[in-house]
Amino acid sequence: MLASLLYTRNKMEYNYSIDMVNKIIHVKVTGDIHETDAAEMGVLLRRKALDLNCKLFLDLSDAISHILMGTAYFWVERRYDVIDERMRYVSTAYLINPEQESYYSFIQTVCLNHGIKVRTFNSEDDAINWLKGV
């Protein structure tokens with residue numbers, strides 16, 4: 001039945017590992033990214049990054065974001081700054097899903113305009129090298 005495909009949701013899942021040598025938290029995200037799940041994950045990982053003095057590498061290459069651009073525009077201000085303004089300064093590299101390149105390009109531009117250290121990449125090596133250099 002075609003209608004059932006419209007309501008199928010691949011639950012967002014993630015796992016992470018910590019590279020203490022390079023001070024990078026590697027996060028692999030899969031499934032459909034929705035606002036509530038992404039906010040919980042973001043707060044948890046940014047707190048961990050602050051506690052450990054680490055940077056974040058988010059592999060989103062197998063995930064699809066369903067967060068609206070308007071929501072993404074105010075994301076840091078509404079989700080992180082109210083908890084701890086230092087969360088905006090955690091250097092973060094996104095390995096993006098090529099199908100959403102324009103979406104993540106928008107997010108990168110917004111972040112840069114607000115002094116938030118976020119960059120998007122199509123290559124894991126480029127993302128890790130950038131994090132090592134900041």
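This is a predicted model: local features need pLDDT of at least 70, side-chain atom pairs count only at pLDDT 80 or more; totals for chains, interfaces and linings use all residues.

Reader: What makes Lys23 worth a look, and where is Lys23 found?

Author: Lys23 is in the loop between β1 and β2. Although Lys23 is not a glycine, its phi is positive, at about 60°. The hairpin of β1 and β2 has four residues between the strands.

Reader: Which accessibility class does Lys23 belong to, and how do you know?

Author: Lys23 has a relative accessible area of 27%. Buried needs a value under 20% and exposed a value over 50%, so Lys23 falls in between and is partly exposed.

Reader: How do you know that β1 and β2 pair, and in which sense do they run?

Author: Two strands pair if there are at least two bridges between them. Strand β1 (residues 13-19) and strand β2 (residues 24-33) are joined by seven bridges, so they count as paired, and they run antiparallel. You can follow this in the model: Glu13 faces Thr30 in β2, while Ile18 is opposite Ile25 in β2.

Reader: Why do you describe β2 as mostly covered?

Author: Seven of the ten residues in β2 are buried. Asp32 lies in this strand. With a relative accessible area of 11%, Asp32 is under the 20% limit, so it is buried.

Reader: What makes the approach of Asp32 to His66 a polar contact?

Author: The side chains of Asp32 and His66 are joined at 3.3 Å. The limit for the N or O atoms of a polar contact is 3.5 Å, so this pair is within it.

Reader: What about Asp59: how do you know its accessibility class?

Author: Asp59 is in strand β3. Its relative accessibility is 11%, and buried means under 20%, so Asp59 counts as buried. The Asp59 side chain also makes a polar contact of 2.6 Å with the side chain of Ser61. Beyond its neighbours within four places in sequence, Asp59 is in contact with Val27, Lys28, Val29 and Leu95.

Reader: Why is Leu68 given the class it has?

Author: Leu68 is in the loop between β3 and α3. Its relative accessibility of 61% is over 50%, so Leu68 counts as exposed. For orientation along the chain, the C-alpha atoms of Leu68 and Gly115 are 21 Å apart, with the two residues separated by 47 places.

Reader: Is Trp75 buried or exposed, and what shows it?

Author: Trp75 is in helix α4. Its relative accessible area is 11%, under the 20% cut-off, so Trp75 is buried. Leaving out residues up to four places away in sequence, Trp75 touches Glu35, Ala38, Ala39, Ile67 and Tyr80.

Reader: Which residues are closest to the centre of the largest pocket, and what is its volume?

Author: The volume of the largest pocket is about 470 Å³. Of its 28 lining residues, Arg46, Trp75, Tyr80, Tyr94 and Ile107 are the closest to the centre. The elements giving two or more residues to the lining are α2 (35-52), β3 (55-65), α3 (69-73), α4 (75-80) and α5 (101-113).

Reader: How many residues of each class does that lining have?

Author: The lining of the largest pocket has 22 nonpolar, three polar and three charged residues. In this scheme Trp and Tyr count as nonpolar and Arg as charged.

Key: Residues are numbered from 1 along each chain as its sequence is written. Side-chain values use heavy atoms; hydrogens and water are left out. On a 1 Å grid over the protein atoms alone, a cavity is a set of points where a 1.4 Å probe fits but cannot get out, and a pocket is an open set with protein on both sides within 12 Å along at least five of seven lines; lining residues have an atom within 4 Å of a point. Grid points are joined across faces, edges and corners, and a volume is the space filled by probe spheres set on the points. Buried means under 20% relative accessible area, exposed over 50%, partly exposed in between (1.4 Å probe, protein chains only). A polar contact is a pair of N or O atoms within 3.5 Å; within protein, one must be able to donate a hydrogen and the other to accept it, and residues adjacent in sequence count only if both atoms are side-chain atoms. Contact means heavy atoms within 4.5 Å.
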